[in-house]
Amino acid sequence: APAVKKKAAQSSRSWIVVDPSGQGTVLDADKYAIMRRVQIHARDLRILDPLLSYPSTILGRERAIVLNLEHIKAIITSEEVLLRDPLDENVIPVVEELQRRLPPVNAVCQCQGDGKEYQGGQNDVEVGDEDESPFEFRALEVALEAICSFLAARTTELETAAYPALDELTSKISSRNLDRVRKLKSAMTRLNARVQKVRDELEQLLDDDDDMADLYLSRKLAGASSPVSGSGAANLFLASPTVGSKISRASRASLATVRGDENDVEELEMLLEAYFMQIDGTLNKLTTLREYIDDTEDYINIQLDNHRNQLIQLELFLSSGTVSLSIYSLVGAIFGMNIPYTWNDNHEYMFKWVVIIAGLVSALLFVMIMSYARHKGLVGS
Amino acid sequence: APAVKKKAAQSSRSWIVVDPSGQGTVLDADKYAIMRRVQIHARDLRILDPLLSYPSTILGRERAIVLNLEHIKAIITSEEVLLRDPLDENVIPVVEELQRRLPPVNAVCQCQGDGKEYQGGQNDVEVGDEDESPFEFRALEVALEAICSFLAARTTELETAAYPALDELTSKISSRNLDRVRKLKSAMTRLNARVQKVRDELEQLLDDDDDMADLYLSRKLAGASSPVSGSGAANLFLASPTVGSKISRASRASLATVRGDENDVEELEMLLEAYFMQIDGTLNKLTTLREYIDDTEDYINIQLDNHRNQLIQLELFLSSGTVSLSIYSLVGAIFGMNIPYTWNDNHEYMFKWVVIIAGLVSALLFVMIMSYARHKGLVGS
Amino acid sequence: APAVKKKAAQSSRSWIVVDPSGQGTVLDADKYAIMRRVQIHARDLRILDPLLSYPSTILGRERAIVLNLEHIKAIITSEEVLLRDPLDENVIPVVEELQRRLPPVNAVCQCQGDGKEYQGGQNDVEVGDEDESPFEFRALEVALEAICSFLAARTTELETAAYPALDELTSKISSRNLDRVRKLKSAMTRLNARVQKVRDELEQLLDDDDDMADLYLSRKLAGASSPVSGSGAANLFLASPTVGSKISRASRASLATVRGDENDVEELEMLLEAYFMQIDGTLNKLTTLREYIDDTEDYINIQLDNHRNQLIQLELFLSSGTVSLSIYSLVGAIFGMNIPYTWNDNHEYMFKWVVIIAGLVSALLFVMIMSYARHKGLVGS
Amino acid sequence: APAVKKKAAQSSRSWIVVDPSGQGTVLDADKYAIMRRVQIHARDLRILDPLLSYPSTILGRERAIVLNLEHIKAIITSEEVLLRDPLDENVIPVVEELQRRLPPVNAVCQCQGDGKEYQGGQNDVEVGDEDESPFEFRALEVALEAICSFLAARTTELETAAYPALDELTSKISSRNLDRVRKLKSAMTRLNARVQKVRDELEQLLDDDDDMADLYLSRKLAGASSPVSGSGAANLFLASPTVGSKISRASRASLATVRGDENDVEELEMLLEAYFMQIDGTLNKLTTLREYIDDTEDYINIQLDNHRNQLIQLELFLSSGTVSLSIYSLVGAIFGMNIPYTWNDNHEYMFKWVVIIAGLVSALLFVMIMSYARHKGLVGS
Amino acid sequence: APAVKKKAAQSSRSWIVVDPSGQGTVLDADKYAIMRRVQIHARDLRILDPLLSYPSTILGRERAIVLNLEHIKAIITSEEVLLRDPLDENVIPVVEELQRRLPPVNAVCQCQGDGKEYQGGQNDVEVGDEDESPFEFRALEVALEAICSFLAARTTELETAAYPALDELTSKISSRNLDRVRKLKSAMTRLNARVQKVRDELEQLLDDDDDMADLYLSRKLAGASSPVSGSGAANLFLASPTVGSKISRASRASLATVRGDENDVEELEMLLEAYFMQIDGTLNKLTTLREYIDDTEDYINIQLDNHRNQLIQLELFLSSGTVSLSIYSLVGAIFGMNIPYTWNDNHEYMFKWVVIIAGLVSALLFVMIMSYARHKGLVGS
């Protein structure tokens, strides 16, 4: 374990920092420098460690959002984005997208402070696609879009491979096809778990207003620097302006919403909802695929069982033939014995009768066995 | 992906707009025009994109309800309904129903503003079927009714096909029947997922008063235009009149209901409840069908296994016969050898004894094998 | 669909009205008359339509409780009970029970208004079985008792049929027994769904105080007619006296209980709890039955597999015998050829040796095969 | 049904009453007497009816706790415990334990009223095992301990029987072993349902503070007799001191805790938690056992399948031998025909060649079949 | 049971106490001494009894945290840690780690009281790994880290053993491999239950702010000793300063957070979240492994079935051969009979024809059977 930790410490140095202007600079700092820079705890940084397999997570901390979404391991503050392993082939497009989308559209109107929320709300509707969301949300959206598209692409790949393989297996059950489907199923199970994890994380965020409020880094920063301007009466009940941000995870009551303009999470909710739906659609596809695989397996099992019964029916037919022929042969064997018998001579008509009668007995036996089986429903019409 | 997006942009132009008088006009606008018209975000418009497979959704936005229910992809504002792909054969009846039902019954009493809610409440009870609900709810009801009937019809079709197919499979297990049931099961799984999705969306809405309140577009519009007339004391605690509409998804507390006359969702709740029950009944039918299929599969499996055992029992019987006859034949073969033996002559009574004794031994062997099998419970009484 | 609706409209006329004095009068009204009489919406009336298969429901409306519990389709107001299809053989006992139990015990003390709740509370404990609950609860209890007993009786019938059938199947697996168990399992699945539905509806009611408060029709009526007499201070925070009744489904906060004497649902909760437990017990029985069936199926599967293996073991034994005998026969066949060979003459001791040696070889082969199989664990002691 | 009820009424007379001094007196009262004595409703008394199979329940009523835990059917008031069927062999130890533990340790300090809670709290920590909890909790603890130990003992018995049976089944699959495991599995399923029921009831109680508060009978009694001494300001918002006890099941808000010293349920929570954990541990054991059984069944299924394949492989080997020998025999049969052929004479070297060549052909055929099967992977190395 | 309890009492004496300076002293006290020392109830101490199999638990008591995490059975107070069975080989590293990490980094700044929280908060970010959390959290973290690492190590061990075993089983199904996989699956199920238990306990804690607040032992102690200094207005609504700590388990409302600086659980939440994620990752691995095993079993089942069908197909081929050869042999047997027939003489060309025709008939029969089977799809191409 100590060896592993040292290795992690070494590899943890490869970061890229993207600032609001879209400029990316490679950062070569140890973990303590990172922790000081973004003011997160060592425990939170460990979540991003590529050597430890933490599940997908979106964590709101005092001054940073810690993102661990598959290969996208990032720390988002209100002023910059730190992205891990920027040279990973899956991460490169994320970096590019970040550099393209992070710079604000009309760089003039970067109004922070009290008036921001109202303006943001009005713009949101009119400007449409080119949203003026805070910096941290633009970065978060890039990450979510990247991971959702990535998982959707993996799902589509899997579907493209799985459906033909299943149909092929249905038409021909061979070890090779079985093994292929098994590998695909295994891959699907793993992909399903990853998609589920991201979806659950989004759902959990959406279910908890306070967790969402924790992600409004710019607002929290603005709120902390500017003195509160609430009315005295309200303060009578809500001791301090920072109460809202301290309300914990499970708290579902609405007191937080009393100071609505500070803790309104509508904007983030709409953003997360859109990606939640996309990932939910992906999960639906995987679920459908899983059920198709399960149905196919059930079908194959019944098919195999039915096939076997038909094989055994044919064998039964052959066994009946064998027994009937054995009876006939037996007669031949009996009369083929070299033991002399009295009525041997002058019975030259005998041969004919023996052959005919033995043949009839044998045929009768065969017909009887078959009739019995058919009567019992063992061999079908 | 960019190619797909371009295609989506092109095909996104086919909309029909139905206004409160029931008049429908085809709209040939690009997505930015739509977004500006109904004031929704690009993300929300994307949900209606027929090329992206988003799951069923009912979203309340500031001034519009975004509906994505299978083929019914619509945006409902307080003044008009935008319906996508109006030429789709499944959508045409929806358009017709909208045009028939959207115009108010007694067009005189379209009273908006402060007095509306109370009047609406009183009318609701007395007028019965010809409800005076706000425009957006009349449109929503048409869409819900259409989708519920559509899914119920699909379910009935499936039931009509599945039950006979299953009974046929039970009476005769053939590859053709197996394949038919497999296709039906696969269709059922997919239909089940779609019905479940609509049901879950309705349930989620019903569970959250604030989401429902978000759908009261007319009221929100009326509330925004008219100044609040709450008593001062109440305002002491509820900072602004728009607080209620900003309370987010997960907030379940009842503070919102303090200003009950503004956020009362009784009417919508009753509307949604009715369609929730209908879709729940549909889901119940599908669940019953699924369980019938599963039970039938279990039965077929046991049936096949049992059939096989009976086949093998018969084969065992034949094998016993073969062995017994082999013993007999063996005697024949031995005495048929052309090797001369001493006691060959003057033993003409021999033949009779050899035949009789060998026959008895053979029969005894057969009886012994059968008794053993019966004793062990291998072949049944 | 329109044809079906017309038919429903016709058949919807058969109602019986039972008033507080226990008198039942057949009502021949169309649906609009019903809707006007009990002041419910057309949507709610549709739930009671016997042609549409709505799941079990208990709905509290402004002035009525809409009950759809299997065959018991009723509307309960604070003054009368409307029961659908009173001539259905399952409904007749419900009508009789209603007529017996609806009249109050001591008809004098039918005190409505402010003082009612307290008195009701005190009586409740002392009077015991002859409860003085409001009219709507007495009617509701009759309906719940009827449906719970009905489902319990169905469950007992099923149990009586299923357990012996399963034990018979265990001792003898035949197509007839299999088919019987399959039909019982199918019946059980359907009954289970119905019981579950009623249980879920009761659970959902019990989980939500506001839904329960909605069922206090008499209280709501009394509350609406008498002016509120709350203290001014309380009104400072709770804008109107009717707030409580408007708090919606999902609202779980306790503000409603602040005006406890108005919204106290203790009495109804105890009533529902008792029937919830009864139906829960019924569901438990069905679950136990289901698990018994599943366990039996697993057992039968393993049993059949094991049986088959034993059959094949016996067959293997016979096959070994066949091969051994074939070797012996072969020797006979070889020496039986009519090809002359040199050492034919003067070897009269040959016969003996050929017979003995071939027999030994054959027996040895048989023993070797059996030993191999036993060594490999294929045929076991 | 009426006959059953009468019977229940008769058998309901056998009760034992244990008072705080530990004295037990048999009570021979009809159900109305019981209902009047403990002030519960007939519905609640029915839960304890041994003829009706109600699931496990712990209900808090105004002045009594109604307990239905398997064979322990009791009503606990703040002054006495009524226990049903005291002569049942499972109930006798409970009665004895009640008589031993109910009398308070230091009988002097039975201080009720205002000061009680604080003192109880202090004692709780110092006195350790000999707790000074209110009478109803001492009785409740005895009942919970009895039922938990009872179920744990049943579980241990089952485990003791099941594990060896499963291992025996694994080593030898016989009908007898199969039947034994099936009976054990069935017993386990039933025991599991019972343990689950008790656990769920405890969990539900622990999840709801108000339900727990309902069980503080002594406190409620004390609260009802002494006038409330809250500050006037608090009363402004909380209309009456009894509000707390009226807050219903689903209400999860914390208003009740405002008057914390009255509704603090810490003591009961700790008591229930301990038994919840014990029963949870029991459930864990059963779950582990269930999974062990399921795994064993899967293993047996694969084992049986594999065994069968090996049997069939051996049979295939024998069949190949039979076919090869048949070929050889055929040659013998051909040359054994009594039809004269031309090259019969002077070919005395023939015999040797026919025997050798036929033998080689036969052996070759056998080797070919085996090679083919091995090549196809049908018989393994 | 009494014997067991005595034994438990004896073995309960082996404790080690680690104080804040890191010094560990073995404690030889009976359970009453322990209970008095840490002020917990006998019920809570029983949870740590190694003879009773309680599930994993983290309980917050008035002045102690009771930890039962697999082999780590500890009681943490604000001043010392009591660890059970310190000589257990799994516990020794925990003791060492405790002794290493418990002493504060800069022992000077152990400031308790009012100012503590703010300072702690600031340090938390800056100091990074060497956190200045309260004593009880440092101890808790050591225990959590130990148990998480322990379970992760067990999981890795299992994975290392399971994956090769499964792949080996796939390539060769033998009883030995089957048994090995079964044992691994059984081990996995047990490990899964243990990991799940720890994860659930952490999740439950994280879901409930009040349970987390209960673990702030130092704060509670500080709060109890210093008088409350809240503003009068707040007290109007919140009767006493200790209300917060008395809010029970299920209470989810946010009133507690009004006095945020006292009940803020951010620090503990972050600590628990980190270990929750680690254990969740471990659980994910186990789930993946379980699904891999299940998929492999499904694959093996289909594989075995398919194998069997192929074996039976080959047998069918052989049976067909046997029947065909039997026909041929039969002809030989017929003509081998020693019954004289008329056309025996002067038909020396006969032999040739009999041999050829019989051979053709036999071959034709074989081809016909094979064609029929192929036509029916019984034997594949």
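User: Hi! Setting aside neighbours within four places in sequence, which residues is D:T77 in contact with?
Analyst: Hello! In this predicted model, D:T77 is in contact with D:V38, D:R63, D:A64, D:F135, D:E136 and D:L217 once neighbours within four places in sequence are left aside.

User: Where does D:T77 sit, then?
Analyst: D:T77 is in the loop between β5 (72-76) and β6 (81-84) of chain D.

User: And is D:T77 buried or exposed?
Analyst: Buried, because its relative accessibility is 10% and the cut-off for buried is under 20%.

User: Staying in chain D, how do strands β1 and β2 pair?
Analyst: They run antiparallel: β1 (residues 14-18) and β2 (residues 24-28) of chain D share 5 bridges. Within that pairing, D:I16 stands opposite D:V26.

User: What's in the turn of that hairpin?
Analyst: There are 5 residues between β1(D) and β2(D), and D:G22 in the turn has a positive phi of about 95°.

User: Switching to chain A, how many helices and strands are there?
Analyst: Chain A has 15 helices and 6 strands. Of its 381 residues, 54% count as buried. Its accessible surface comes to about 16400 Å², with 55% of that belonging to carbon and sulfur atoms.

User: What about contacts in chain A between residues 24 or more positions apart?
Analyst: Those make up 69% of the chain A contacts with a separation of 6 or more.

User: Which residues make the nonpolar surface patch?
Analyst: A:Y349, A:W353, A:I356, A:I357, A:L360 and A:V361 make a patch of about 630 Å². One of them, A:W353, is in helix α15 (residues 350-375) of chain A and is partly exposed, with a relative accessible area of 49%.

User: Now for rings: how many aromatic pairs are there over all chains?
Analyst: The structure holds 15. Among them are A:F317 and A:F366, whose planes are at 80° with ring centres 5.3 Å apart, so this pair is edge-to-face.

User: Which parts does that pair tie together?
Analyst: A:F317 lies in helix α14 (residues 266-336) and A:F366 in helix α15 of chain A, so the pair links parts 49 residues apart in sequence. A:F317 counts as partly exposed at 38% relative accessibility, and A:F366 also counts as partly exposed, at 22%.

User: And what's the geometry of the C:F137 and C:Y216 pair?
Analyst: Edge-to-face, 4.7 Å centre to centre with 85° between the planes. C:F137 lies in helix α6 (residues 135-171) of chain C, while C:Y216 is in the loop between α8 (209-214) and α9 (217-225), so parts 79 residues apart in sequence are tied together.

User: Are those two buried or exposed?
Analyst: Both C:F137 and C:Y216 are buried.

Technical notes: Residues are numbered from 1 along each chain as its sequence is written. Chains are lettered from A and ligands numbered from 1 in the order in which they are written. This is a predicted model: local features need pLDDT of at least 70, side-chain atom pairs count only at pLDDT 80 or more; totals for chains, interfaces and linings use all residues. Side-chain values use heavy atoms; hydrogens and water are left out. Patches are made of residues with over 30% relative accessible area and no salt bridge: like charges are joined within 9 Å, nonpolar side chains (Val, Leu, Ile, Met, Phe, Trp, Tyr) within 5 Å. Accessible areas come from the Shrake-Rupley method with a 1.4 Å probe; for residues, only the protein chains shown count as cover. A salt bridge is a side-chain nitrogen of Lys or Arg within 4 Å of a carboxyl oxygen of Asp or Glu. Helices (H or I, at least four residues) and strands (E, at least two) are DSSP runs, numbered from the N terminus. Buried means under 20% relative accessible area, exposed over 50%, partly exposed in between (1.4 Å probe, protein chains only). Two strands pair if DSSP finds at least two bridges between them. Contact means heavy atoms within 4.5 Å. Rings of Phe, Tyr and Trp (its six-membered ring) pair if their centres lie within 6.5 Å; planes under 30 degrees apart count as stacked, over 60 as edge-to-face and the rest as tilted.
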